[in-house]
Amino acid sequence: MTQPSRLVSLARTSWFGRIAAGLVCVLLLITLEVSAPMVSAQVSGVPALSDEENQEWQATARRAELTLEAGRASDRALERLRAQLVEWREVFTDAQGGHSQRIDNLQSQLAVLGPAPDDGSESAEITARRQDLTERLAELRAPVLAAETAASRAAGLIAEVDTVLRNRQADALVSIGPSPLNPVDWAEGLAELKDAVFVPLQEVRANLDNELRLFQFRQNLLVIIPFSLFGALLLMRGRSWTGGLVSRLRERLRLASGARVTASAEILTFVVSLGKVLVPWTGLLLLVQALLLTGMFGLRGEALIAQVPLWGAILLGAVWLCDKLFSDPPAPAVFEVDPGRRPALRRVGGGLATAVVLAQVGATFEALSGLDEVAGVLLAFPLMVISSLALMRLARLMRALTAPALAALTEGEAAPLRLRAANLLVRGAMVIAVLAPLLVAIGYRNAAEALIYPAVDTVGLLAILFAIHHLATLVYALFTTRDDPSEALVPALVGVALAVLALPILALIWGMRFTDLTELWSQFMAGITLGDTRFSPRDFIAFAILFAVGYVVTRLVQGALKTSVLPKTRLDQGGQTAVVSGVGYLGITLAALVAITGAGLDLSSIAIVAGALSVGIGFGLQTIVSNFVSGIILLIERPISEGDWIEVGGQMGYVRDISVRATRIETFDRTDVIIPNADLVSGTVTNYTRGNTVGRVIVSVGVAYGTDTHRVEGILREIAEDHPMVLANPAPAVLFQGFGADSLDFEIRAILRDVNWALSVRSEINHAIAKRFAEEGIEIPFAQRDVWLRNPEVLQPQAPGTPATAEAEAGQADTSEDITPKDKEV
């Protein structure tokens, strides 16, 4: 009998176990990330390897090379060898940082001394000093170079081991074995299956005849009976008890109103509903413990019984997930589908979990019994068919749910991302459900199991993610006032985070080894090399944290200056704004510098990036840079300030905000106009309130010809001087502008104490002019036009029959045909 391949056992691992392994992977990676700074902090004192450790490493490396050359080691042996190589690589990686501070100190001293002159004019003392520093530097760097060489050798061996394991995994996928549809193998396979089933039964029969076993059974009977009774009670009644508790709780909270109250009630019922899993699973644990205490089932039987809690957790968890995803009203469901289809979806979900558990039972039984390929494929084939049928049924139901939404799309309308993803998953599930049984029927059992069971596990993982996201949305609803929290940004970000965290679990489900994930994580954490400096994610995280702290401190200082310090000075509003903005730019610049140096980034290496950016600025970002520099100029020179009344580019209004790139102007129509700062610096700007609010207003008026001009001038001067906004010094002036086409034109030119009221003052002066002119009998003339007729004789009445009348009637008759009915109507 042959040992089942590693790929087969991996493909048939439970999705619960894979998810647990994925979570352990994520927690391990986070732990490594948190502990990495502490390790790096101690790296400078890592001593060189001792002779004994060096010999042990050489032996390990040589054994790995010989093992790889032979190519006969099992997968488990290669995994153990790889783990040892990874440990050595970590040791060498840590040793590479040994004496880093002293090496940097020596290099800086050599840099100060500089290269030796060619003419030999250097003093003997400096030459001796340079030689001593060079020798000490070489002595310190020797173990570092040795560690780098050893680390490179370990990394190469690890890569070779990974290549061998991947090749074996690929070979197992395409390897062909016996077909379950071949009648020739049925007799042999069924006979071995029969023997494998009878072996545990024979062990039970033998234990029943064993006096020692019977004595132990009687000794444990006082524990077995209560465990069995209480366990059976919890297993049979646990779900109904918890369901009744949830129903009573929901009925009691049903009268509450408000989004937050509803969310808290749903969270409470969500947590309490977990009892549908925990209570019967506790009963199952008691029953399993009671069975194990009997001591009657032998080694194989006890091994199978020990797996029952895991299988029960899968079934109970799947049923609970289906209840939450497709709950019946009034309980809220995660997926709001047709209530008539929800029972079918719950049944299919339970059937899919049952198929997974049956496959797990078969895989465990096959591994414990050591079945050969023929018997193993005869056992696995019907279980795989059951799983495929359940997956196909689920895919059809999901397609029936998505079909109306797809049909409702108009021609040329793109389907939403969720709908496209669901449609793609449905099609993929259908293809896998059909392809897997065909592959195992041909003989490609490994390939079939690598398709069907990961697909089922993926369905289970997605169900778990949707349930967690639903709970996170309910929790968010407690802290928000939105009517529909599911459409907010925070639940969307939680969904993205869950998807990212699920990626390593999906990778494990679909056949990636745990060591492959750790290797990818190590490469990711190693970062990228730019010039002579390596940038790792840890550096970027440190940079982000330091910069965020500096940014917050800068904003706090700006707020204190704006509200507490600057209002007590003699600076005007524009100067205060300039100071606050300057402090902001300076603080952000200092925060960036501190973050760069604190994260350990070498500024000299950024020169390469700066050079590339300068080229991009020269070609594509020159407008943005021009506006930025113009903004700095505006804040320093302050030709305009917030609150000024300006006119630029045909736009007139008040300056409301001066930012780095543009300035916002509020027009008199209450609309915002964004003007680039470069236009304010290079263009012509009229500032009506720069320095002070004093300004001039001009009011024009015309009077009829024949009016006494001196009298009009006196009246207009009195009106201007009587207005409270007009300054007495300089006094308002009245000018006789000239002789217009219809009137004698006058102008009032007055200086106002606040030019912002110019429109109101002009309106009030016009009202006063109209009133005084009416009282004084002064006429403001209308526009006059003289009309000259070229042939006035046509206006004279003519007797009928005269030549002129006949000619006119003939002309009217000739032109009547050119007049349309619409023209006649008009």
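Is R168 buried, partly exposed or exposed? At 24% relative accessibility, R168 counts as partly exposed (buried means under 20% relative accessible area, exposed over 50%, partly exposed in between, with a 1.4 Å probe and protein chains only). Before going further, a word on the ground rules: this is a predicted model, where local features need pLDDT of at least 70 and side-chain atom pairs count only at pLDDT 80 or more, while totals for chains, interfaces and linings use all residues. Residues are numbered from 1 along each chain as its sequence is written, and side-chain values use heavy atoms, with hydrogens and water left out.

Back to R168 and its charged partner. D75 and R168 form a salt bridge, with their closest N and O atoms 2.8 Å apart (a salt bridge is a side-chain nitrogen of Lys or Arg within 4 Å of a carboxyl oxygen of Asp or Glu). Since D75 sits in helix 4 (residues 75-95) and R168 in helix 6, the pair ties together parts that are 93 residues apart in sequence (helices are DSSP runs of H or I with at least four residues, strands are runs of E with at least two, and both are numbered from the N terminus). The side chains of E65 and R153 meet in a salt bridge at 3.1 Å, N to O. Both ends are partly exposed: E65 has 22% relative accessibility, and R153 has 29%.

Across the whole structure, a search turns up 24 salt bridges. Some of them join up: E79, R82, R89, D162, R166, R513, D516 and E519 are linked in a network. Another salt bridge pairs R664 with D672, whose closest N and O atoms are 3.3 Å apart. Here R664 is partly exposed at a relative accessible area of 28%, and D672 is partly exposed at 45%.

Now for the nonpolar side of things. The largest nonpolar core has 41 residues, of which M384, L391 and I452 touch the most other members (a nonpolar core is a set of buried Ala, Val, Leu, Ile, Met, Phe, Trp, Tyr and Cys residues joined through side-chain atoms within 4.5 Å). Helix 13 (308-325), helix 14, helix 15 (373-407), helix 16 (417-442) and helix 17 (445-477) each supply at least two residues of this core. The largest share, ten residues, comes from helix 15. Apart from this core lies another, of 26 residues, among them V697, V699, A720 and I769. In general, nonpolar side chains in soluble globular proteins tend to be buried together.

As for M384 itself, leaving aside neighbours within four places in sequence, this residue is in contact with A436, V440, A448, E449, I452 and Y453 (contact means heavy atoms within 4.5 Å). Q360 lies in helix 14 (residues 342-369) and is buried, with a relative accessible area of 10%. Q360 and L383 are 23 residues apart in sequence, and their C-alpha atoms are 9.5 Å apart in space.

Turning to the strands, five of them form an open sheet in the order 6-5-4-3-7, with antiparallel pairing (two strands pair if DSSP finds at least two bridges between them). Strand 6 (672-676) and strand 7 (685-687) stand at the edges, each with a single partner strand, so one side of each is left without a neighbour in the sheet. Strand 3 (residues 645-648) and strand 7 run antiparallel and are joined by three bridges, and V648 stands opposite V685 in strand 7. Elsewhere, strand 9 (residues 733-739) and strand 10 (residues 744-752) pair in the antiparallel sense over six bridges. These two strands form a hairpin with four residues between them, and G738 stands opposite D745 in strand 10.

Finally, N677 is placed in helix 24 (residues 677-682) and is buried, with a relative accessible area of 0%. The N677 side chain makes a polar contact with the side chain of T663 at 2.8 Å (a polar contact is a pair of N or O atoms within 3.5 Å; within protein, one must be able to donate a hydrogen and the other to accept it, and residues adjacent in sequence count only if both atoms are side-chain atoms). Leaving aside neighbours within four places in sequence, N677 is in contact with several residues, including N627, S630, G631 and L634.
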